[in-house]
Amino acid sequence: MLMQAVDDLYTIEDLERLRLVEEYELDRGVLVPVSQGKPVHGRVVGQIFGELFVFLKTRPDLGCLYAADTGFILERQPDTLRGADVAFVRHDRLVGVSEDEWMEGSPDLAVEVLSGGDRPGQVKKKVRQYLASGSRLVWVLEPRRQRIHIYRPDGIVQVLRGGDTLDGDNVLPGFRLAVADVFR
C-alpha cells in the first residue's frame, strides 16, 4: 500500500501520473484504497446493472449507464474522485462531455453494493458526497441482509426488503424491480 504523508494531498492528475487510478479513489485529496469484491459483490453488481441495462434499452432517451467504478469528480481543490459500482447520468448532462475525460459532478443515480471490506462510516460518507455534489438518488445494496437503502437529497432514507419493490423514482421513471430479484 502506498503511504501518504499527513500533509500531502493528492490531485486527480497525481493519480493519473502515478498510475494509481485503478487502486485508489480520492476523498478531498486523501487516497482511499479500492478493494476487490468477493463473488457475491460481483453477482449483485451484475444483477442490478443487467436490470438497469435492459430497462434503458427500451428508454435510450433517458441517459447512459456506467459500470466498473467509473470515476466522477465530486469536488476540486482538494480533489474528490469517486467511482460507483453502477451509475446513471441523464442525457442532457452528457452533451459536450468527452468520454476520455473524468465526468464533473455526481451521477444522477449512484449504486453502491456493500462488500465485506466496506466500513459503514466510509459508505455513508460516500453517499453524502454523492448527494452534496448533485446525485438525485443513491442506492446502497446490502447483499448479506438482502436490503436496499435509498438515499435522496431531502435527507429521507428508505430501507427496502425482500417483499418490496425498488423503483427509479423521478430519475428513471418507469423502472420497477422486486428487491428479491436483486439478490436471487
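Biologist: Is aspartate 108 buried or exposed, and what is its relative accessible area?

Modeller: Aspartate 108 is buried, with a relative accessible area of 1%. The cut-offs are under 20% for buried, over 50% for exposed, and partly exposed in between (1.4 Å probe, protein chains only). This is a predicted model, in which local features need pLDDT of at least 70, side-chain atom pairs count only at pLDDT 80 or more, and totals for chains, interfaces and linings use all residues. Residues are numbered from 1 along each chain as its sequence is written, and side-chain values use heavy atoms, without hydrogens or water.

Next, the partner. Aspartate 108 forms a salt bridge with arginine 93, and the closest N and O atoms are 3.0 Å apart. The rule for a salt bridge is a side-chain nitrogen of Lys or Arg within 4 Å of a carboxyl oxygen of Asp or Glu. This pair links distant parts of the chain, 15 residues apart. Arginine 93 sits in the loop between strand S6 (86-90) and strand S7 (103-104). Aspartate 108 sits in the loop between S7 and strand S8 (109-113). Strands (E, at least two residues) and helices (H or I, at least four) are DSSP runs, numbered from the N terminus. Arginine 93 is partly exposed, at 25% relative accessible area, whereas aspartate 108 is buried.

Other salt bridges share partners. Glu25, Asp27, Arg82, Glu112, Lys125 and Lys126 are joined into one network in this way. Another salt bridge joins aspartate 61 to arginine 59, at 3.9 Å from N to O. Arginine 59 is partly exposed, at 27%.

Proline 78 is found in the loop between S4 and S5. The peptide bond from glutamine 77 to proline 78 is cis, with omega near 0°. Most peptide bonds are trans, and most residues other than glycine have a negative phi. Two arginines have a positive phi. Arginine 19, in the loop between H1 and S1, has phi near 55° and is exposed, at 73%. Arginine 28, in the loop between S1 and S2, has a phi of about 55° and is partly exposed, at 41%.

Now the sheet. Six strands form an open sheet in the order S3-S6-S8-S9-S10-S11, with mixed pairing. Two strands pair if DSSP finds at least two bridges between them. Strand S3 (63-67) and strand S11 (157-160) are the edges; each has a single partner strand, so one side of each is left without a neighbour in the sheet. S9 and S10 are antiparallel, over five bridges. Valine 140 has histidine 149 of S10 as its bridge partner. Histidine 149 also stands opposite valine 159 in S11. S10 and S11 run antiparallel too, joined by four bridges. They form a hairpin with five residues between them, and glycine 155 in the turn has a positive phi of about 90°.

Last, the largest pocket. Its volume is about 910 Å³. A pocket is an open set of points on a 1 Å grid over the protein atoms alone, where a 1.4 Å probe fits, with protein on both sides within 12 Å along at least five of seven lines; lining residues have an atom within 4 Å of a point. Points join across faces, edges and corners, and the volume is the space filled by probe spheres set on them. The lining has 35 residues; closest to the centre are Glu25, Val34, Ser35, Asp69 and Lys126. Elements giving two or more residues to the lining include S5, S8 and helix H3 (120-132). S2 gives the largest share, four residues. By class, the lining holds 14 nonpolar, eleven polar and ten charged residues. Here Ala, Val, Leu, Ile, Met, Phe, Trp, Tyr, Cys and Pro count as nonpolar, Asp, Glu, Lys and Arg as charged, and the others, Gly among them, as polar.
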